[in-house]
Amino acid sequence: MTLQQEEEREPASKRIAGETGSAFRVAGVQMISGADVAANLAIASPLIAEAAAAGARLVVLPEYFGIFGDRATDKVAVREPDGVGMQQTFLATEAKQHGIWLVGGTVPLSCDDPARVRSASLVYGPDGGRVARYDKIHLFAFAYDDERYDEGRTIEAGTKPVALDLPCGRVGLSVCYDIRFPELYRGLGDLALILVPSAFTATTGAAHWHLLLRARAVENQCYVLAAAQGGAHPGGRRTYGHSVLIDPWGRIVAEREEGAGIVVGDIDPARIAEVRAQLPALSHRVL
């Protein structure tokens with residue numbers, strides 16, 4: 001379904017306001033991934049199981065969950081063709097085993113440029129079938145003291161925003177650096193939930209992580225779930241962590257500062273409707 005077709009549908013804010021559905025439990029998995037794909041997947045599997053056992057129906061893994069190498073080119077070396085590969089098989093198997101929607105934060109998928117990959121956020125349904133793919137559009141670049149990053153050297157940017165309908169409502173897909181570009185989410189229409197699998201640096205995270213995530217929740221009057229890399233990685237790089245679920249008022253529902261583990265909370269349609277009724281900002285938009 002195209003974005004234009006989605007825009008012609010009844011706004012999500014009206015659908016949610018008229019619903020009395022039950023809460024939908026979600027979980028974010030926090031990891032400290034390294035360069036060994038098999039080892040990373042072995043760590044992710046029990047965390048997914050823990051989230052499912054806690055009642056989560058949607059589980060989100062962080063960006064680079066399967067490969068966080070010492071060099072930016074390491075992910076290119078383990079790229080997978082679309083639909084085939086260790087990481088994609090793992091996601092499909094885990095989703096079916098636990099009967100959940102599972103979001104593989106990012107998987108490096110092959111593209112026409114042999115020196116780069118698409119950084120793809122893949123969503124699998126409870127039957128193990130893939131239901132959505134979003135390729136990271138905004139590519140991180142940062143230079144401060146001894147830190148230098150330029151994702152454009154090894155990643156080919158995506159071009160298409162993606163959202164999908166789940167039992168909790170409309171869900172917008174994004175990855176890490178995308179959170180700095182609010183127009184991405186506005187283009188997806190009214191959302192119940194924004195997903196942000198991430199690997200924020202310790203420097204940028206300490207400055208902007210909570211600010212950006214809470215702003216996206218408040219301005220879209222929806223929940224935001226960010227699953228992060230969080231800690232000191234084998235190659236020496238440190239990521240910020242603080243995986244978090246934020247409600248439509250900008251309130252932190254659950255958070256994990258550092259280390260491998262999960263955050264769990266509920267997407268409550270009644271809470272979304274309450275916030276939108278008290279402060280009807282979405283209906284006041286003129287642009």
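**View 1. Y64 in the loop between strand 2 and helix 4.** In this predicted model, Y64 belongs to the loop that lies between strand 2 and helix 4 (74-77). The residue has a positive phi of about 60°, although Y64 is not a glycine. Is Y64 buried or exposed? With a relative accessibility of 11%, Y64 counts as buried, because buried means under 20% relative accessible area.

**View 2. The open sheet with the order 5-4-3-2-1-16.** This sheet has 6 strands, and the pairing among them is mixed. Strand 5 (130-135) and strand 16 (261-267) stand at the edges, where each has a single partner strand, so one side of each is left without a neighbour in the sheet. From one strand to the next, the twist averages 25°. Within the sheet, strand 2 (residues 58-60) pairs with strand 3 (residues 101-110) in the parallel sense, over 3 bridges, and V60 has V103 in strand 3 as its bridge partner. Helix 5 (residues 86-98) packs on the sheet and touches strand 3, strand 4 (117-124) and strand 5, while the direction of helix 5 makes about 170° with that of strand 3.

**View 3. The contact of helix 3 with helix 5.** Two packed helices are described by the angle between their axes and the distance between the axes. The axes of helix 3 (residues 37-53) and helix 5 come within 11 Å and cross at roughly 20°, and helix 3 and helix 5 are therefore roughly parallel to each other, since angles under 35 degrees count as roughly parallel. The crossing in which helix 3 passes helix 5 is right-handed. From helix 3, the residues V37, A38, L41, A44, S45, I48, A49 and A52 meet M86, Q87, F90, E94 and H98 of helix 5.

**View 4. The open sheet with the order 8-9-10-11-14-15.** This sheet of 6 strands likewise has mixed pairing. Its edges are strand 8 (163-166) and strand 15 (252-256), each with a single partner strand, so one side of each is left without a neighbour in the sheet. The twist from one strand to the next averages 20°.

**View 5. Strand 14 and its pairing with strand 11 and strand 15.** Strand 11 (residues 223-226) is joined to strand 14 by 3 bridges, and the two run antiparallel; A226 stands opposite V244 in strand 14. Strand 14 and strand 15 also run antiparallel, joined by 4 bridges, and in strand 15 the bridge partner of V244 is E255. Along strand 14 (residues 243-246), S243 and L245 point one way and V244 and I246 the other way, and all are buried. Strand 14 and strand 15 form a hairpin with 5 residues between them, and G250 in the turn has a positive phi of about 90°.

**View 6. D145 in the loop between strand 6 and strand 7.** D145 is placed in the loop that lies between strand 6 (141-144) and strand 7 (147-150). Its phi is near 50°, which is a positive value in a residue other than glycine. At 58% relative accessibility, D145 counts as exposed, because exposed means over 50% relative accessible area.

Note on methods:
Residues are numbered from 1 along each chain as its sequence is written. This is a predicted model: local features need pLDDT of at least 70, side-chain atom pairs count only at pLDDT 80 or more; totals for chains, interfaces and linings use all residues. Side-chain values use heavy atoms; hydrogens and water are left out. Two strands pair if DSSP finds at least two bridges between them. Axes are lines fitted to C-alpha atoms, for helices over the stretch in contact, and angles run from 0 to 180 degrees between N-to-C directions. Contact means heavy atoms within 4.5 Å. Angles under 35 degrees count as roughly parallel, over 145 as roughly antiparallel, 65 to 115 as roughly perpendicular and the rest as oblique. A crossing is left-handed if the near helix is turned anticlockwise from the far one by less than a right angle, and right-handed if clockwise. Ala, Val, Leu, Ile, Met, Phe, Trp, Tyr, Cys and Pro count as nonpolar, Asp, Glu, Lys and Arg as charged, and the others, Gly among them, as polar. Buried means under 20% relative accessible area, exposed over 50%, partly exposed in between (1.4 Å probe, protein chains only).
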